[in-house]
Amino acid sequence: MRQIADYSCRLNVEESSPEKKVEEFISFLPVLAYDGSAMKQVDAGGILDMAMSGTTATLQI
């Protein structure tokens, strides 16, 4: 998650919002997570939260 956040934040230098940068990136490359019973698509806010807090141990990416 940290790599996705870091990479997407470096793509568009004109945009100032990290969440909008990640959102644009995942529109082309969606991120799926397995939460124990089903696969779900992770949104931009979720990616940034996981990248900053390190909570990806609970999800199978």
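Helix α2 (residues 18-28) and helix α3 (residues 44-53) have axes that come within 8 Å and cross at roughly 115°. Axes here are lines fitted to C-alpha atoms over the stretch in contact, with angles from 0 to 180 degrees between N-to-C directions. So α2 and α3 are roughly perpendicular to each other, a label for angles of 65 to 115 degrees. On the α2 side, the contact (heavy atoms within 4.5 Å) uses Pro 18, Glu 19, Val 22, Glu 23 and Ile 26, and on the α3 side Ala 44, Gly 45, Ile 47 and Leu 48. Sorted by type, these residues come out as 6 nonpolar, 1 polar and 2 charged.

This is a predicted model: local features need pLDDT of at least 70, side-chain atom pairs count only at pLDDT 80 or more, and totals for chains, interfaces and linings use all residues. Numbering starts from 1 along each chain as its sequence is written, and side-chain values use heavy atoms, leaving out hydrogens and water.

Leaving aside residues up to four places away in sequence, Ile 26 touches Val 31, Val 42, Asp 43, Ala 44 and Ile 47.

Zooming out, the chain's elements run α-α-β-β-α from the N terminus, where helices (H or I, at least four residues) and strands (E, at least two) are DSSP runs. Of the 61 residues, 30% are buried, meaning under 20% relative accessible area with a 1.4 Å probe.

How values were computed:
Angles under 35 degrees count as roughly parallel, over 145 as roughly antiparallel, 65 to 115 as roughly perpendicular and the rest as oblique. Ala, Val, Leu, Ile, Met, Phe, Trp, Tyr, Cys and Pro count as nonpolar, Asp, Glu, Lys and Arg as charged, and the others, Gly among them, as polar. Buried means under 20% relative accessible area, exposed over 50%, partly exposed in between (1.4 Å probe, protein chains only).
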